[in-house]
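Biologist: Could you walk me through this one while I have it open? I would like to go residue by residue where that helps.

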Amino acid sequence: MEKDGDKAMLKGERLSLHESTMGRFQGISCAYLNPSDKLITLYEGFADKESRIPVDENTIFPACSISKFITALCVMKADEKKMIDIDAPVNNYLSKWKLCTASGNESDASIRMVLCHVAGIVDGEDAFYGLRRTDPAIGLMDILEGRTSYNNRPARVEKAPGTEFEYSDAGYCVLQLLLEETTGKLFEDIAKEYIFDPLGLKQTFFASQENVAFYEKNYVMATGYDENGLPIPQKYPQIPDLAASGLWSTPKALLIIAREFVNACNGNSSLLKNKTAHEMVKPVERFPWTGIGLFMGGENEVISRGWGENGQSILKINYRTGEIAAVMTNQNPGVDQTESGLEGLVNNIFLQSEGNEKER
C-alpha cells in the first residue's frame, strides 16, 4: 500500500516527548519540519482505544477547520486559472443559489471577504456539530438554506461586508458551492486534482460518504472521542460541510502541503504562484489577525487551527525559515488549543528540535 507523500521524499527521525498527550487525548500525532527539510515525528496513544489500535505515522485524523486552508488553496488556484476573480462578488459565480442580505437582496460581498471571514455571514447557534453517520444525509443546499438543525440559520450577509470579523463555516460552504459550480466537479475531486494528487498524498481526503467508505476499509481512520473520553457513535460524525471542516489527513501530509506553500512564498513552487502565496499571508487591513484561509501568528508565521467533536489540531508555518509543525488528535478536549496544550506542544517541538540541532 502506497504511503502518504511517497513522492515528496520526506525523511526523518522519531521525536520523543514524554507526557505529550497531557491527559486530554486518546491519541496524538505530531510532525515537525526544520529549515533543513528534516522531518521529525511523534505519535502516542490509540487510534481506537476499544480495539487497542495504536497511533502510528499513517493514522488518519480529522483536520477539522484546517480544511479551510486547503479550500482557500483551491479557490486561489481557480483564481490563478482565471476561472474566478477573488475580488469580484461571490454571486457572480453562483447560479443555483445566491448569497443574499438579511433583507433578501443579492449581496455584493467579494470572494476575498468570504475567505477572510469578513463578509458578514453569521452561522447558526450551536451549528455544524453532532450529525451522525446514521442520520439522513444533508446536502449543501440544506446547510445554506438553514433547513436542518445542523445549521438552522440561512447563510446570508447580516453585517455590512468588510466591517466586522465573523468566523463562518457557512461562508466556506458558499465557497464549496462556488468551486463546484465553476468547475462542474465535486468539491472533494477538485481538492484531489488541485492539491492532493500533485503532491502524491494518498491518505488525505475530504470526507464524502464515498471517500469515508473507501478509507475506512483500506486505512486506519482514528476513532473520535468526546470530552469525557467516550467514542463518538459510529466512530466519527458525518461532515457535509466539506470545505469548512471535512478534511482528514496525517501530520506528515499537512507538512507536505505546508512545505509546498512555503516553496510558493519563496518562488519555488509549481503548484502555486509566488504572488498567490503572498496574497494569502497578507493581513486584512482592518483585521490584522486574519488572512486568506489562515491566521497570523508571530513574525512571518501563519496558523491554521481545527477543533471539532472528534478531534483537535493545529498547523503552524514559518514561511520565511520553512519551519513547520502539525499536531493532530482524535478527542475533543473541551477547551481551545492554548488550554488543551497543543499550542504549547508545538512550541516544545520547536525548542527541542532547535536544541538537538545545536548539539550537533
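Biologist: Leaving aside its neighbours within four places in sequence, which residues is Pro62 in contact with?

Modeller: Bearing in mind that this is a predicted model, Pro62 is in contact with Leu247, Trp248, Asn310, Gly311, Ser313, Met328 and Thr329, once its neighbours within four places in sequence are left aside.

Biologist: And where is Pro62 placed, and is Pro62 buried or exposed?

Modeller: Pro62 belongs to strand 5, which covers residues 61-64, and with a relative accessible area of 3% it counts as buried because the cut-off is under 20%. The C-alpha atom of Pro62 is also separated by 9.9 Å from that of Thr204, although the two residues are 142 apart along the chain.

Biologist: Switching to Glu309, where is that found?

Modeller: Glu309 is found in the loop that runs between strand 11 (301-308) and strand 12 (311-318), and its relative accessible area of 7% makes it buried.

Biologist: What does the side chain of Glu309 reach, and at what distance?

Modeller: The Glu309 side chain reaches the backbone nitrogen of Gly130 at 2.9 Å, and it also makes a polar contact with the side chain of Arg132, again given as 2.9 Å. Beyond four places in sequence, the residues in contact with Glu309 include Tyr129, Leu131, Tyr225, Asp226 and Asn332.

Biologist: OK, Ser269 next: which backbone nitrogen does its side chain reach at 2.9 Å?

Modeller: That is the backbone nitrogen of Leu271, while the backbone nitrogen of Leu272 lies 3.1 Å from a polar atom of the Ser269 side chain. Ser269 sits in the loop between helix 8 (251-265) and helix 9 (274-280), and its relative accessible area is 19%, so under a cut-off of 20% it is still classed as buried. Not counting residues up to four places away in sequence, Ser269 touches Glu260, Asn263 and Ala264.

Biologist: What about the largest nonpolar core, how many residues has it?

Modeller: The largest nonpolar core has 90 residues, and those with the most contacts inside it are Phe69 and Phe261. Helix 8 gives the most to this core, contributing ten residues. There is also a second, separate core of 14 residues, with Phe25, Cys30, Leu42 and Val346 among them.

Biologist: Which residues is Phe69 in contact with, apart from its sequence neighbours?

Modeller: With neighbours within four places in sequence left aside, Phe69 is in contact with Ile257, Phe261, Met280, Gly293, Leu294, Ser304, Leu315 and Ile317.

Biologist: Now helix packing: at what angle do helix 1 and helix 5 pack?

Modeller: Helix 1 (residues 67-80) and helix 5 (residues 187-196) pack at about 75 degrees, with their axes 10 Å apart, which means that helix 1 is roughly perpendicular to helix 5. Among the residues making the contact are Ile70, Leu73 and Lys77 of helix 1 and Phe187, Tyr194 and Phe196 of helix 5. By class, this contact has nine nonpolar, one polar and one charged residues.

Biologist: Last topic, backbone angles: what is the phi of His117 near?

Modeller: Phi of His117 is near 65 degrees, a positive value in a residue other than glycine, and I would point it out because most residues other than glycine have a negative phi. His117 is found in the loop between helix 2 (111-115) and helix 3 (140-145), and it is buried, with a relative accessible area of 5%. Asn300, placed in the loop between strand 10 (295-296) and strand 11, has a positive phi of about 60 degrees although it is not a glycine.

Conventions
Residues are numbered from 1 along each chain as its sequence is written. This is a predicted model: local features need pLDDT of at least 70, side-chain atom pairs count only at pLDDT 80 or more; totals for chains, interfaces and linings use all residues. Side-chain values use heavy atoms; hydrogens and water are left out. Helices (H or I, at least four residues) and strands (E, at least two) are DSSP runs, numbered from the N terminus. Buried means under 20% relative accessible area, exposed over 50%, partly exposed in between (1.4 Å probe, protein chains only). A polar contact is a pair of N or O atoms within 3.5 Å; within protein, one must be able to donate a hydrogen and the other to accept it, and residues adjacent in sequence count only if both atoms are side-chain atoms. Contact means heavy atoms within 4.5 Å. A nonpolar core is a set of buried Ala, Val, Leu, Ile, Met, Phe, Trp, Tyr and Cys residues joined through side-chain atoms within 4.5 Å. Axes are lines fitted to C-alpha atoms, for helices over the stretch in contact, and angles run from 0 to 180 degrees between N-to-C directions. Angles under 35 degrees count as roughly parallel, over 145 as roughly antiparallel, 65 to 115 as roughly perpendicular and the rest as oblique. Ala, Val, Leu, Ile, Met, Phe, Trp, Tyr, Cys and Pro count as nonpolar, Asp, Glu, Lys and Arg as charged, and the others, Gly among them, as polar.
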